[in-house]
Structure formats: C-alpha cells, structure tokens
There are 2 protein chains.
Amino acid sequence: MIKTPYLLFLGDAPDHLAVKVAQGIKDWRPENAVGQLRLDGCKADLGLTDMTLAQAKEAGAQTLVIGVANRGGTISATWRAVLVDALEAGFDLASGLHNLLRNEPELVAAAEKHGRSLHDVRIPSVQYPIANGVKRSGKRVLAVGTDCSVGKMYTALALDAAMKEKGLKSSFRATGQTGILITGEGVPLDAVIADFMAGSIEYLTPDNDDDHWDIIEGQGSLFHVSYSGVTMALIHGGQPDALILCHEPTRKTMRGLPDYTLPTLEDVRDVALTLAKVANAGCQVVGISINTQHLSEAEADAYLAEVEQRLGLPAVDPFRQGAARLAEALAAL
Amino acid sequence: MIKTPYLLFLGDAPDHLAVKVAQGIKDWRPENAVGQLRLDGCKADLGLTDMTLAQAKEAGAQTLVIGVANRGGTISATWRAVLVDALEAGFDLASGLHNLLRNEPELVAAAEKHGRSLHDVRIPSVQYPIANGVKRSGKRVLAVGTDCSVGKMYTALALDAAMKEKGLKSSFRATGQTGILITGEGVPLDAVIADFMAGSIEYLTPDNDDDHWDIIEGQGSLFHVSYSGVTMALIHGGQPDALILCHEPTRKTMRGLPDYTLPTLEDVRDVALTLAKVANAGCQVVGISINTQHLSEAEADAYLAEVEQRLGLPAVDPFRQGAARLAEALAAL
C-alpha cells in the first residue's frame with residue numbers, strides 16, 4: 001500500500017500525453033494530489049500548485065509519485081538527483097516505469113539510509129495464493145472488453161465515482177499500473193506468475209459487506225490472443241455478479257494484432273457470461289460502456305441508442321455522460 | 001534444452017509413486033533412459049540397469065535427472081553428495097523439484113567448477129515474447145480437459161507415439177515439469193509471467209512443415225477457476241487446428257475445488273471451440289480421450305460407446321487402447 005497523499009512528479013515531460021498517469025491521479029483522486037513538481041523544460045501542467053519538496057512535505061504529501069513516462073526508458077541523472085532529494089526529505093517513491101527504482105543503487109542506498117520505501121508498481125509485492133474459488137460475501141462487477149485499451153479502467157473509475165455519488169458502497173480495484181498509482185493499491189496482474197493470477201484477484205477482492213461493490217478494473221480481452229489468459233483469470237478470480245461490456249466502435253483490428261478483427265458485443269457477452277457463470281452462476285451482463293471519442297456527438301448518440309436497443313441494456317459513454325446509469329443497473333440487481 | 005540420454009536418479013524413494021517422473025521418462029522416451037541410480041533404502045525399481053555414475057557415463061548418459069519427489073521438500077545431505085559427485089563426473093543435473101538446484105550453494109559451486117549445467121525445469125529459462133497471433137505453418141493439436149489431472153499429458157504423449165507409428169510427423173510439446181523432463185525441453189507454463197503466457201506457447205510451437213503436427217500438452221481447464229487463464233493462453237498461443245477433449249468420468253468435483261462440479265464434454269467443446277476459432281477459424285474438435293482407470297473394462301467400453309455416439313467423435317482411452325484412432329482423426333483433417 002502506497003502512502004497518500006502524493007506530490008506528483010512531472011519531470012521534464014515533453015508534452016501532456018507523457019503525464020497521463022499524473023492526470024489520472026488528479027482526475028480520479030484529487031484528494032491524493034497535493035501538488036506538482038516540474039523540472040526545467042517541462043511542457044505539461046496539471047493545473048496543480050507547483051511545489052518544492054519542502055513545500056509539499058509541509059502540505060502533508062507522503063509519497064513522490066513519478067507521474068510521467070521517461071524518455072528512452074532510463075532514469076536520467078537529473079531525475080535521480082530529485083528522487084534522492086525526495087527520499088532525504090522523507091518521501092517514499094512510487095513508480096510504474098519499466099525500469100525499476102529498486103535497480104537504481106543510489107535510490108536503494110538513499111531509501112535505506114532514510115528508512116523510506118520504493119514502490120515499483122509494475123511488479124507484485126505480495127506472494128499471492130492459488131485461487132480456491134470459495135464464494136465470497138459482497139458484490140463484484142468486472143469490465144470486460146472487445147479489445148485492449150477500449151476504456152475499461154475509465155469505465156470502472158467512473159462507475160466507482162457514480163456509485164459513491166449515489167451513496168452506495170464501492171471500491172475501485174486496480175489491476176494495472178496506472179490504477180494502482182491512482183488508488184495506492186492493487187494487483188499488477190500482467191506481471192503475476194500464471195498459477196497465481198486468479199488467486200491474486202481473489203486476494204484483491206476479499207469478503208465484504210453484502211451491499212458493497214468491488215469495481216474490478218478489466219485487462220485485455222477474451223478475444224485478444226496475446227492477453228486473453230489474463231482476462232480469463234479476472235473472470236474466474238473475480239467471480240463477478242455483474243459484467244459491463246466495453247467497446248470502441250471505430251476500431252477495425254485488435255490492438256497490436258493487425259490480422260484480427262474485433263468481436264461483436266454479442267460475441268463477448270455470450271462467451272464471457274458462459275465462463276463467468278462457472279464461478280458465479282448468478283452473473284449477469286448489466287450494461288455497456290462505449291468509448292465514443294472518435295465519433296461526433298450526434299454519431300455517438302445514434303450509436304449508443306442503437307446498441308442499447310440491440311442488446312436491451314443501458315449503453316453509455318462514461319466520459320461524455322458519466323456512469324450513473326451503470327450504477328443504477330448495479331443497484332437494481 | 002537438456003542433454004540426453006539420462007541417468008535416472010531414484011534416490012531413497014519410499015515407494016513407486018514417488019518416482020513417477022522417472023517412470024514417465026522410461027515409458028515415453030526409453031531411449032533417453034540409460035539406467036537408474038538408487039540409494040540405500042530405495043523402494044522403487046524401474047527395471048532399468050542399476051548403474052554407478054562412472055558406468056552411466058561410460059554408457060553415454062549426459063544428464064542426471066532427479067526422477068523422484070524429495071521428502072519434506074528439502075535436498076538431503078545424502079542426495080547432495082551424490083549430486084556433487086555427478087557434477088564432478090561430468091553430468092549436468094535436471095530437476096523439477098520445488099526447491100531449486102540453483103539455490104543450493106554447493107551444487108552451484110560444483111557446477112561452475114566443472115562447467116556443468118543445472119536445469120530447474122519448474123522455472124522458465126527463456127525470456128518469452130508477447131504473443132503476436134501471426135498464423136504459423138504446420139499443424140497443431142491441443143488437449144483440453146473438463147478438469148485438471150484427467151490425462152491430458154498422457155493423451156498427448158500417446159497421440160505423439162501413435163502418429164510416429166503411422167509414419168506421420170509429430171512433436172510432443174511439453175508445457176509442464178514432467179513433460180519437460182521426459183522430452184528434454186518445453187515451457188513450464190504455470191511459472192510464466194501472465195503477459196508472456198501465450199507468447200511462450202507461440203515460441204514452443206514455431207513454424208513447421210505443412211504436414212507436421214505439434215501435439216501440445218494441455219494444462220488446467222477453462223472450467224477450473226484456479227488455472228483457467230493458463231488454459232486460455234494455450235488455446236490462443238497454440239492456435240490449434242484440432243482439439244481433443246479429455247475427461248475422467250467418475251470425478252464428481254473439480255480437483256481442489258469441492259464446491260465445483262465438472263462441466264460436460266459438450267460444455268467444454270462449445271466454449272473451447274468458440275475461443276479457439278479466434279486464433280484459428282478452421283479449428284475442429286476431432287476426438288475424445290477418456291481416462292477410465294476407475295471403471296471396469298465393461299463399464300469403460302460402455303461409457304466410450306455412449307460418448308462416441310453422443311458427440312459423434314472417436315472416443316478412446318489411450319491407456320487401454322492406444323491413441324491410433326485419434327491419430328487417424330488428425331491425419332484425416
């Protein structure tokens with residue numbers, strides 16, 4: 001578990017796209033984002049107060065989160081100097097970078113000297129159990145997609161926000177690096193050893209109040225041949241009571257697989273539900289989340305209406321409309 | 001790749017069940033089993049020539065394979081002394097034990113000193129790629145089960161033997177520890193990192209002659225909530241042209257999951273085929289393999305006839321009958 005709140009390190013980000021992790025934290029957990037730390041030449045701005053390490057510490061920040069992708073995949077000398085200063089100033093560090101903080105001897109030495117923690121959220125910090133399939137109390141919903149990167153994390157975060165707005169009990173359960181940094185905890189599922197994948201999701205979504213919903217972040221797709229095993233483990237480890245189908249309607253081929261076309265929403269519904277019922281016989285598909293970013297508003301409205309009619313389920317774009325109707329569908333279960 | 005042939009180390013096996021890895025090697029690759037090495041008190045006997053290290057070396061053995069489960073999960077001082085002697089005598093070592101050879105400093109030192117290799121087949125020795133889903137030449141068949149431990153490895157090995165008997169080109173492709181020790185190579189799929197599971201199976205079953213069949217060892221079951229992600233990765237990474245369904249008809253609940261009943265063969269056929277067609281639109285279910293060890297011969301015959309009629313596919317117990325009819329079904333594709 002990463003200590004919150006955070007100071008968000010934007011480094012020398014070349015553009016706004018490079019700080020999307022920090023943007024996600026600011027959007028979804030603004031209470032965790034005390035301020036931003038930018039270096040000379042930083043081209044991104046989250047609109048948070050620019051702070052020195054000392055100012056952020058004074059304001060209560062506990063962890064410096066690397067909210068920016070690094071150029072060339074290495075931690076530069078400039079960054080390293082700031083990170084060492086942060087450890088000295090009493091911050092933990094958290095990072096989702098491919099190259100790990102723990103592989104930087106200077107950072108390891110400084111963390112040890114000052115008693116601070118280095119969180120590399122790309123790799124598991126827990127020895128997960130093998131899944132036992134035992135029915136857990138509380139409710140769970142999982143976002144499943146026609147493809148990777150169609151908006152499953154966004155849908156889950158928006159649904160969690162909509163649930164809380166309605167006064168319902170829910171927890172967003174992160175299964176990827178960005179989600180883990182946003183919430184401060186979760187399972188980096190793509191880095192878990194095969195035998196323990198489903199068990200890691202059982203661990204992530206333990207027994208809870210009967211009226212509490214875990215909103216589980218989806219990964220991959222049952223129809224994406226590179227990552228379908230990860231999706232399968234989410235469906236069986238999560239033993240969801242409800243599924244939400246996610247789709248990006250302008251996508252022609254599967255992400256990274258130019259020879260593969262996308263399945264239909266009906267294809268995903270049928271096979272995901274069949275498999276979900278193995279772990280939870282009562283599982284239902286309750287709604288559709290469409291990423292309409294590449295459609296005009298009129299096109300989006302028409303597409304959503306058509307899907308809603310065709311599948312007989314509420315269909316929304318949570319970015320344009322929020323996820324209130326999906327939350328209502330869960331509450332009605 | 002483990003150097004063959006082997007001297008099979010049976011240690012101080014308390015009974016025959018403890019040497020089932022060695023038995024598998026002797027049964028399926030007798031040409032790899034030069035002899036057996038037994039310690040005082042060994043209660044198992046494979047019927048191979050008992051050999052000293054020197055005799056086995058003389059007879060051509062290259063690797064000492066630990067073909068026995070160790071008691072208490074530790075490598076005893078007695079074992080260690082023999083293993084060090086083997087390294088000195090010029091043998092590599094291979095093991096599927098949970099506790100790793102590479103974690104034994106004495107073995108590491110001796111291996112280094114004598115230029116020998118330590119093969120821990122439980123953990124991957126390769127950095128596998130992420131699956132790319134590109135169609136490969138050659139043919140592939142995968143055994144998929146209603147449950148774990150219903151005879152998928154046995155079926156695949158028997159099918160490989162039946163193919164070779166008919167003069168057809170085939171390779172057994174191991175995906176578990178025992179299979180890897182039998183053949184000297186393979187992917188320990190349950191120990192692969194989630195993101196690389198399907199890619200490891202693509203790596204295991206590369207382009208081949210158009211009339212060559214990879215016989216891929218199955219793992220888990222799409223209906224086993226602990227391991228279904230592993231099965232899913234086999235289906236998509238293997239992009240099989242043919243599936244063989246495996247079942248143990250007296251099993252009441254899923255292995256290790258007392259709350260879960262077994263799916264029907266039809267259930268497995270339908271969902272496995274739907275998912276297999278994502279990676280290979282021409283995939284077909286071509287046969288059924290039934291493990292009838294808990295049935296009398298008359299019961300087995302009646303059950304096989306019933307299944308064959310019900311599913312309209314050849315149904316055999318490869319242990320009782322061999323896998324010739326499954327090989328014919330592949331050849332007919």
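Predicted model: local features only at pLDDT ≥ 70, side-chain atom pairs only at ≥ 80, totals over all residues.

Student: Okay, so is Arg102(B) buried, exposed or partly exposed?
Tutor: Arg102(B) has a relative accessible area of 40%, so it counts as partly exposed.

Student: What does the side chain of Arg102(B) meet in a salt bridge?
Tutor: Its partner is Asp120(B), at 3.0 Å from N to O. Arg102(B) sits in the loop between β4 and α4 of chain B and Asp120(B) in strand β5, so the pair ties together parts 18 residues apart in sequence. Asp120(B), at 3% relative accessibility, is buried.

Student: Which residue does Arg173(B) pair with?
Tutor: Arg173(B) forms a salt bridge with Asp214(B), and the closest N and O atoms are 2.6 Å apart. Arg173(B) is in strand β7 and Asp214(B) in strand β8, so this bridge ties together parts that are 41 residues apart in sequence. Arg173(B) is buried at 14% relative accessible area, and Asp214(B) is buried at 0%.

Student: And Glu308(A), what does that one pair with?
Tutor: Glu308(A) has a salt bridge with Arg325(A), with the closest N and O atoms 2.6 Å apart. The two are 17 residues apart, Glu308(A) in helix α10 and Arg325(A) in helix α12 of chain A. Glu308(A) is partly exposed at 26%, and Arg325(A) is partly exposed at 37%.

Student: How many salt bridges are there over all chains?
Tutor: The count comes to 42.

Student: How much area do the two chains bury between them?
Tutor: About 2,700 Å², with 63% of it on carbon and sulfur atoms. Chain A brings 35 residues to the contact and chain B brings 35 residues.

Student: What's the make-up of chain A's side by class?
Tutor: The side of chain A that touches chain B has 23 nonpolar, nine polar and three charged residues.

Student: Do the copies meet through the same surface or opposite ones?
Tutor: 100% of the interface residues of chain A are also interface residues in chain B, so the copies meet through the same surface. Chain A can be laid on chain B with an RMSD of 0.0 Å by a turn of 180° and a shift of 0.0 Å along the axis. That is the relation of a two-fold axis.

Student: Now the helices. How many residues of α8(B) are buried?
Tutor: Eleven of its eleven residues are buried. Their cover includes α7 and α8 of chain A, together with β6, α7, β8 and α9 of chain B.

Student: What about α7(B), how many of its residues are buried?
Tutor: Seven of the eight, so helix α7 of chain B is largely enclosed by the rest of the structure. Among the buried ones are Met197(B), Ile201(B) and Glu202(B).

Student: Last one: where is Gln239(A)?
Tutor: Gln239(A) is in the loop between α8 and β9 of chain A. Gln239(A) is buried, with a relative accessible area of 1%. The residues Gln239(A) touches include Arg136(A), Leu234(A) and, from the other chain, Tyr260(B).

Technical notes: Residues numbered from 1 in each chain as written. Chains lettered and ligands numbered in written order. Heavy atoms only, no water. Contact = heavy atoms within 4.5 Å. Buried area = accessible area lost by both parts, 1.4 Å probe. Nonpolar A, V, L, I, M, F, W, Y, C, P; charged D, E, K, R; others polar. Helix = DSSP H or I, 4+ residues; strand = E, 2+ residues; numbered from the N terminus. Buried < 20%, exposed > 50% of the residue type's maximum accessible area, 1.4 Å probe, protein only. Least-squares fit on C-alpha atoms with pLDDT ≥ 70 in both. Salt bridge = Lys/Arg side-chain N within 4 Å of Asp/Glu carboxyl O. Lists of a residue's contacts leave out its neighbours within four places in sequence.
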